[in-house]
Amino acid sequence: MTTEATTGTITATGGITRPPTRMHALDGLRGLAAVAVVIWHALISTDLGRFISIQLDSATATTAERAEPFSVAWWVWDTPLRLASMGTNAVTIFFVLSGFVLVLPLLRGRSMNLWSYYPRRFLRLWIPSAASVLFAAALVVLTLGVPRGGESAWVRASTIDRLSIGDVISNLFLITGRASLNNPLWSLKWELLFSLLLPLAFLLVLRVDRHWSLWATVALCAVLSGLGGWFLVPALQFGPMFVAGAAVAKLYRTRIVKPAPWRSWVATGAGLALIAVPDAARTFGGLALTDRASLALSASVVLGAALLVFGLSVPSRLTTFVGIPPLRFLGRISFGLYLVHVPIIVAGALLLPDGTTALWLTLPASFIVACLFTIWVDEPATRLAHRVGTSAASAVATASSRV
């Protein structure tokens, strides 16, 4: 590893050289995780929201409060179909993926000019987030005069009764601001903080070479995240997720031989099983998902997400399936879908008290708006961020040459 202080460049040398290839299965995974978040918020915006809120907030649910077998609530809440709506766990997958995709290019030997990286990464995250805040504010204005009363507890908690310029401005600050207009922005705070600490994550995993020590690093990150959940320390809960993804990137980078395809199936299956542990504890052990003990079980979710990312980086028929074009397209629009769906679902629940009708309209609307958001906001923001980062690096290099 070499560091050039004058130009702010970090590079990694040595190891096994592989041509940079895009792992389409991880695009598909990102798309599926975004859909899980959307389904979760869609469910808790309906009549199911009352039942689910009881399950979330009660330490133990009585027999009367449990879903009747084969009811709609039972299918979506107490069966493996729950994997399709694990919104919180899907965010963990996003964090682990971020650590993986940001660190992997450095491990492949690509240099990272810090003068270019920091403005590029900040604009890449902030421009779409700011656009989503303005979009959410417009929908809030549209629903300000709508009578309240029939919505779910989650919709009530997500509803703004009065809107001020100060509220909008506060939501534009990712790290220090509030996420009152668009709830998913809470995770962008940690995404940005992780991005700022990328060089540290890179240095942490750079000199860990043995497979067992890398998996030990992933396990340690999972334990630390669980402790963060138990002690209600968000930085400790979310920060290790990013480092776990970086360790998985090093695992992928240091593979000496092509792994057998069965490893993909085993790692992915084990990952899904571990991700389901907190819900299994709720279903069979009476824990609520908001209990400290259940939050501590998020350690299993971090380990599961790491196994999932690792498993889908191993070539196999499963990897090929998860990387099919429709799922890759979902991955392409995933950031936009994540940013716009909550304002649309909340506005639909307020304007259309019939929850079923609201879902039939707001879910397609979320995907349509996400496509437009990707084309008009997200992808142009990516190109603009790249140009600004390149210009910033050139300016610093020019100034340094004159000193």
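A pocket is here an open set of grid points with protein on both sides within 12 Å along at least five of seven lines, and its lining residues are those having an atom within 4 Å of a point. In this predicted model, the largest pocket is lined by 45 residues. Arg22, Arg30, Val101, Leu102 and Arg121 are the lining residues that lie nearest the centre of this pocket. The space inside the largest pocket amounts to about 1700 Å³.

Several elements share in building this lining. At least two residues each come from helices H1 (24-43), H4 (87-107), H5 (114-143), H8 (185-196), H17 (325-351) and H18 (355-402), and likewise from strand E3 (112-113). Helix H4 makes the largest contribution to the lining, with 10 residues. Sorted by class, the lining of the largest pocket holds 21 nonpolar, 13 charged and 11 polar residues.

Attention now turns to a pair of packed helices. Two packed helices are described by the angle between their axes and the distance between the axes. For helix H9 (residues 198-206) and helix H11 (residues 234-253), the angle is about 45 degrees and the axes are 9 Å apart. H9 and H11 are therefore oblique to each other, and the crossing of H9 past H11 is right-handed. On the H9 side, the contact is made by Leu198, Ala201, Leu204, Val205 and Leu206, which meet Phe242, Val243, Ala246, Ala247 and Lys250 of H11. Nine nonpolar residues and one charged residue take part in this contact between H9 and H11, with no polar residues.

Methods:
Residues numbered from 1 in each chain as written. Predicted model: local features only at pLDDT ≥ 70, side-chain atom pairs only at ≥ 80, totals over all residues. Heavy atoms only, no water. Axes fitted to C-alpha atoms, helices over the stretch in contact; angles between N-to-C directions. Helix = DSSP H or I, 4+ residues; strand = E, 2+ residues; numbered from the N terminus. Parallel < 35°, antiparallel > 145°, perpendicular 65-115°, else oblique. Left-handed = near helix turned anticlockwise from the far one by under 90°. Contact = heavy atoms within 4.5 Å. Nonpolar A, V, L, I, M, F, W, Y, C, P; charged D, E, K, R; others polar. 1 Å grid on protein atoms, 1.4 Å probe; cavity = no way out; pocket = protein on both sides within 12 Å on 5 of 7 lines; lining within 4 Å. Points joined across faces, edges and corners; volume = space filled by probe spheres on them.
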